[in-house]
Amino acid sequence: MAEIGEGPGTVPEHERILQEIQSTDTACVGPTLRSVYDDQPNAHKKFMEKLDACIRNHDKEIEKMCNFHHQGFVDAITELLKVRTDAEKLKVQVTDTNRRFQDAGKEVIVQTEDIIRCRIQQRNITTVVEKLQLCLPVLEMYSKLKEQMSTKRYYSALKTMEQLENVYFPRVSQYRFCQLMIENLPKLREDIKEISMSDLKDFLESIRKHSDKIGETAMKQAQQQKIFTVTLQKQNNVKFGKTMYINDRIPEERNEIVLKHAFEEEDENEEEVLTVQDLVDFSPVYQCLHIYSVLGDEETFENYYRKQRKKQARLVLQPQSNMHETVDGYRRYFTQIVGFFVVEDHILHVTQGLVTRAYTDELWNMALSKIIAVLRAHSSYCTDPDLVLELKNLIVIFADTLQGYGFPVNRLFDLLFEIRDQYNETLLKKWAGVFRDIFEEDNYSPIPIVSEEEYRAIISKFPFQDPDLEKQPFPKKLPMSQSVPHIYIQVKEFIYASLKFSESLHRSSTEIDDMLRKSTNLLLTRTLSSCLLNLIKKPHIGLTELVQIIINTTHLEQACKYLEDFITNITNISQETVHTTRLYGLSTFKDARHAAEGEIYTKLNQKIDEFVQLADYDWTMSEPDGRASGYLMDLINFLRSIFQVFTHLPGKVAQTACMSACQHLSTSLMQMLLDSELKQISMGAVQQFNLDVIQCELFASSEPVPGFQGDTLQLAFIDLRQIIFSYKSSQNIE
């Protein structure tokens with residue numbers, strides 16, 4: 001029933017909208033509802049009232065329908081309740097029946113599964129037996145391979161690998177384990193190469209560490225062989241009446257005894273002599289070479305071995321910075337090098353092509369150049385002749401050892417001649433100190449002799465002959481001072497020391513004789529001469545000492561011919577040989593005498609100047625003192641005593657010294673009289689000065705040194721006499 005006030009078209013429109021809402025999809029409800037709001041005012045409220053009325057109508061229809069079907073629903077529920085009890089009983093029966101069936105079938109299932117499993121096992125066992133019979137030899141061979149690898153029988157392992165690859169693997173190649181084995185064989189080969197190479201590296205490292213021991217053993221054996229050869233040579237020389245130079249400080253009988261004991265000890269220890277094979281296990285080299293040969297990679301191994309050995313050679317040839325300080329440093333250096341090349345020589349002779357003679361020669365030439373450079377550099381720092389001599393002995397043993405293994409060593413002996421010059425230089429420096437000490441300790445006085453024993457002792461050391469002196473009774477004096485026999489002995493010691501270096505150089509007696517004479521000449525002309533000249537120039541050496549030095553040099557000069565005889569006795573080379581070097585030490589002593597004579601003249605003049613400086617003339621004195629000046633009388637007395645000492649000098653030297661002294665005295669007095677500062681001089685001063693000149697003339701006429709002819713010595717004062725005469729006759733003198 002419509003409400004009052006509704007428009008005539010409103011109700012049908014609302015019904016249409018409600019029908020549309022009920023019949024259309026919810027997605028389209030929006031536009032329908034929007035039309036409600038788009039109508040006239042209060043349309044919404046009216047629509048809501050219409051909607052409520054529609055809802056109430058539907059609720060009534062639902063209620064009617066429910067009331068109509070309610071009894072049927074109740075009956076259905078009752079029936080279901082009755083059926084539920086029967087359904088539960090049926091479920092229990094079905095469950096029980098299923099359980100009984102399951103229990104009854106378990107035993108059958110177990111037995112059936114056992115039968116199936118047994119049949120499968122039988123079939124598998126049969127198959128496995130067949131396959132194992134085919135695979136077992138392969139596995140046995142592979143197990144053998146593993147055992148060989150574990151016991152380091154690598155060459156046998158390589159042979160086993162060849163059998164596996166050629167015979168056994170083709171039979172079972174379809175199996176995976178066989179493929180794994182096949183794939184593993186190259187790795188095993190590489191492992192063998194690496195292991196063998198590792199053993200080789202260990203060998204090379206061991207060789208590097210033990211090279212000095214190997215070299216020491218080789219050098220000892222070479223030295224023993226050399227001693228044996230020298231002994232046989234000496235025995236043969238004795239049989240055939242030949243003589244050899246021998247150091248006279250060690251008698252020949254003693255040498256034979258020492259060598260005899262040495263060879264007795266060598267015979268006793270003959271079983272203990274070690275070889276390089278005893279000291280080194282070369283099996284890693286042989287094994288590695290064999291393995292690489294089997295693997296077809298021999299060239300790689302050879303290249304690696306040579307490369308590594310060259311590296312080790314460079315390390316061995318590298319010296320320590322302080323090697324020159326001790327002989328042990330040189331010894332370690334030589335033994336390592338000898339050990340290196342002894343090993344290479346052994347490898348050369350026991351392997352086929354691993355090293356060749358051309359390779360070892362190339363390596364040796366490289367090493368020899370380095371060795372010579374090292375020795376030349378380090379030996380230049382050696383200032384001790386004993387160390388240089390020990391170095392020479394080591395070089396000789398080093399060269400003899402390597403020469404015994406076939407390596408050329410001529411360049412080493414050429415180097416020894418360079419070192420010999422250096423050795424001589426060190427000897428010269430050492431003997432320069434010895435000579436200086438001798439000169440410092442000398443008292444420069446004739447040697448007093450109080451008994452025949454003393455005289456014979458000196459004569460045995462120094463060749464002095466004077467029949468007149470021998471006839472004189474004891475005590476008596478030898479003309480030379482203590483330094484002369486000492487110098488002579490030290491020159492002989494120098495010759496001995498120089499001879500030590502010349503031994504074992506494989507040189508002839510003529511060459512050794514030439515070396516000794518040249519080195520002795522250097523000692524005399526350079527070292528001894530320098531020491532003498534320095535001695536003469538020293539301030540504390542006075543006129544008496546200079547006179548004794550001149551006498552000493554005279555006797556040393558006379559002893560030179562005995563030194564030549566001494567060298568001749570050592571080398572057994574006659575002085576008449578054409579190419580024999582002569583000792584020219586005579587010039588040394590002559591130069592020293594000339595220098596001493598000149599120093600005598602200089603010192604004598606200096607002494608005169610000292611006396612003249614004491615002169616104190618009063619040039620204005622009226623009367624002379626009546627006697628010569630005191631300074632002049634002292635000077636003349638000094639000259640008389642000095643010229644008495646000069647009697648031991650050669651005549652010309654004493655005469656020259658006396659003439660020089662008189663001339664210098666005359667010149668000094670003349671300069672005093674002609675001094676430009678002297679403005680005037682009295683007659684008394686002239687007369688006093690004349691008295692002094694008269695004393696000088698009397699001294700000259702007394703012949704202080706014999707040998708002057710006539711008035712030769714007085715002529716030294718003739719100019720002075722003329723000046724005095726001029727003063728007396730001059731009118732300017734009062």
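## Burial and overall composition

A residue is termed buried when its relative accessible area is under 20%. In this predicted model, buried residues account for 39% of the 734 residues in the protein.

The secondary structure of the protein comprises 24 helices and two strands. Where contacts link residues at least 6 apart in sequence, 80% of them join residues at least 24 apart.

## Helix H16

Helix H16 covers residues 483–502. With 20 residues at 1.5 Å a residue, H16 should span 28 Å, and the distance of 29 Å between its end C-alpha atoms agrees with that expectation.

Of the 20 residues of H16, 14 are buried, so the helix is largely enclosed by the rest of the structure. Ser504 follows H16 and has a positive phi, near 65°.

Phe177 lies in helix H5, which comprises residues 176–239. Its relative accessibility is 26%; because buried requires a value under 20% and exposed a value over 50%, Phe177 counts as partly exposed.

Beyond its neighbours within four places in sequence, Phe177 is in contact with Cys135, Leu139 and Val172. For one of these residues, Leu139, the separation from Phe177 is 38 residues in sequence and 9.7 Å in space, taken from C-alpha to C-alpha.

How values were computed. Residues numbered from 1 in each chain as written. Predicted model: local features only at pLDDT ≥ 70, side-chain atom pairs only at ≥ 80, totals over all residues. Heavy atoms only, no water. Helix = DSSP H or I, 4+ residues; strand = E, 2+ residues; numbered from the N terminus. Buried < 20%, exposed > 50% of the residue type's maximum accessible area, 1.4 Å probe, protein only. Contact = heavy atoms within 4.5 Å. Expected span 1.5 Å × (residues − 1).
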